[in-house]
Amino acid sequence: MLLSRIAETSQSVASTRSRITKTERLAATIMEMTPTEVLIGVSYLSGRLPQGRLGVGFAAIRDVDVAPAATARLTLTETDSTLTELQATRGAGSKVRRAELLAGLMSAATPEEQTLLFGLLGGGLRQGALDGVMVDALATAFDAPRASVRRAAMLSGNLAGVAEALAMEGPTALERFGLEVGRAVQPMLASTAETASDALAGFAESFVEWKVDGARLQIHREGDDIDVYTRSLRPVTRSVQDIVAKARSIGSTSFILDAEAISLKGDGTPEPFQVTMTRFAKKSAPDTPLHLFVFDALRLDEDLIDLPLRERAARIEAAVPDDFVIPRILTSDPGEAEAFAAAALAQGHEGVMVKDADSLYSAGRRGSAWLKVKPAHTLDLVVLGVEWGSGRRRGYLSNIHLGARDGDGFVMLGKTFKGMTDEMLAWQTVRFQEIETHRDGQVVYVRPEQVVEIAFDGVQRSSRYPGGVALRFARVKGYRQDKKPNEADTLDTVRGYLQT
DNA sequence: TTCATATGCACC
DNA sequence: TTTCCGA
DNA sequence: TCGGAAAGTGCATATGAA
């Protein structure tokens, strides 16, 4: 029902415009909904989508100008306060979580409204999108074990189907859902560890494998049909025909593999991440070949997700050509692990993954069975400006602009909001207004007087910043009260990280 | 028509 | 993607 | 222990200005 509405609205928009965006499509659909439908949809959306992408959709609901992210954020906040009011009527002072709210909405919804909601989940949004909030809400609304709902949704990649089955048949319907070749599965995620030895300490025996700076791929094959998906489950089969060809040479005709794809230079060292990424743009010729590094198998002739990693690895060794398998060792010796990690770094790779050899594949979970270990660098930089935060950081100065010393001045290298505790936020809100020079919109500019220690993963070329370089994954380690700006690191020092 | 800016969407 | 925080 | 919230950069293309 909803799907056909989306199709109709798409066509009418397409007749007047050259291209329609996902948000426009969504907006058009939302505008035709009844208030109840909007309430259900919006309460889901407000907890679900990244902020910046909602601009057009929410602007349309509120009938305000289609305008930049600022409008979207404002509108999103309004939506939030509407929800808060709703919550307040339920219980004085008691906080109602979004999942509870949603569960209540679903239970109270008419069959027509439920159909719309499930349609929204399955077709209106990203295919296969999954959300902890939704799983929670479904479990509560239909009185099913949370873990079972989660597992069914993760493995089938079909949240809408799970929701519908729960509504029609109840919790017993969950047993039907399992792995399906051709249907992308939420990939297993990793936590972080400081060093390879630290990571190793938690496991009886560990696989230590290269962590390459590429793109994660999930490769499905059933007979002659091969499909490739990104980490976010976007199908990219057409862009990566060289990967498809490699997959075809694997000694099995029914599999689901978890792998990394990366462009390497002639000497085997990695190309910058941006080079790999251009292969995944909509229109790009495969002029830079992608290497394939398989590191896990959810299925190889039979389902493997409930077998330990050591067994899955053995099956991979037997079926996948060595060239396509991630270099790794099985060990419990910290020295061996550290040496392997050092060698990976020497090859130019990011670091290593350390994985519990006895762990099962838990789709979509960020557990501690997989640990990523990458060395962090630090720099002492100078704060050039700060932006007012939003959401839970409203009223605080949050996102800081970072500068490196260059001659007598400072050159901006990027921004960061990561690594700040609530205490630091409170402190910097006062501090940066003390050294404020002027304001422009959300930005408070300051005299370059405050030094901050910044951790980062690497330096990349940038067309955005005047120094031609930007920091990758910059986060605050702490403010340096003991250093003067003229002791901060220089632009040349930063550029020095480009090669390594 | 060309160039610059804005926007959407992808990812680590 | 990293980090902090609350349930 | 888990998941939400905070917002990053780069590239391609659509739109607006010259």
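This is a predicted model: local features need pLDDT of at least 70, side-chain atom pairs count only at pLDDT 80 or more; totals for chains, interfaces and linings use all residues.
Mentor: Two strands pair if DSSP finds at least two bridges between them, where strands (E, at least two residues) and helices (H or I, at least four residues) are DSSP runs numbered from the N terminus. Residues are numbered from 1 along each chain as its sequence is written, and chains are lettered from A and ligands numbered from 1 in the order in which they are written.

Trainee: How do you know that E9 and E10 pair?

Mentor: Four bridges join strand E9 (residues 351–356) to strand E10 (residues 366–373), and since the definition asks for at least two, the two strands qualify as a pair. They run antiparallel, and Val354 has Leu371 in E10 as its bridge partner.

Trainee: What makes the partners of E2 count as paired with E2?

Mentor: The bridges again decide, for six of them join E2 to E9 and four join E2 to E8, with an antiparallel run in both cases. Among the residues concerned, Ser206 has Asp356 in E9 as its bridge partner, whereas Glu209 stands opposite Arg328 in E8.

Trainee: Why are E1 and E8 called edge strands?

Mentor: Five strands form an open sheet in the order E1-E10-E9-E2-E8, with mixed pairing. Strand E1 (189–192) and strand E8 (328–331) are the edge strands in that each pairs on one side only.

Trainee: Why is E2 described as largely enclosed by the rest of the structure?

Mentor: Buried means under 20% relative accessible area, with over 50% called exposed and values in between partly exposed (1.4 Å probe, protein chains only). Six of the six residues of E2 are buried, so this strand is largely enclosed by the rest of the structure. For chain A as a whole, 49% of the 500 residues count as buried, and in helix H12 (residues 241–248) the buried residues are Asp242, Ile243, Val244 and Ala247.

Trainee: What makes a group of residues a nonpolar core, and which members of the largest one touch the most others?

Mentor: The term covers a set of buried Ala, Val, Leu, Ile, Met, Phe, Trp, Tyr and Cys residues joined through side-chain atoms within 4.5 Å. The largest such core has 35 residues, and Val352, Val354 and Trp370 touch the most other members. Among the elements giving two or more residues to this core are helix H9 (146–156), strand E2 (206–211), E9 and E10. A second, separate core of 28 residues includes Leu397, Leu425, Phe432 and Ile454.

Trainee: Which residues does Val354 touch?

Mentor: With contact defined as heavy atoms within 4.5 Å, and residues up to four places away in sequence not counted, the residues that Val354 touches include Ala196, Leu200, Phe207, Trp370 and Leu371.

Definitions and conventions:
Side-chain values use heavy atoms; hydrogens and water are left out.
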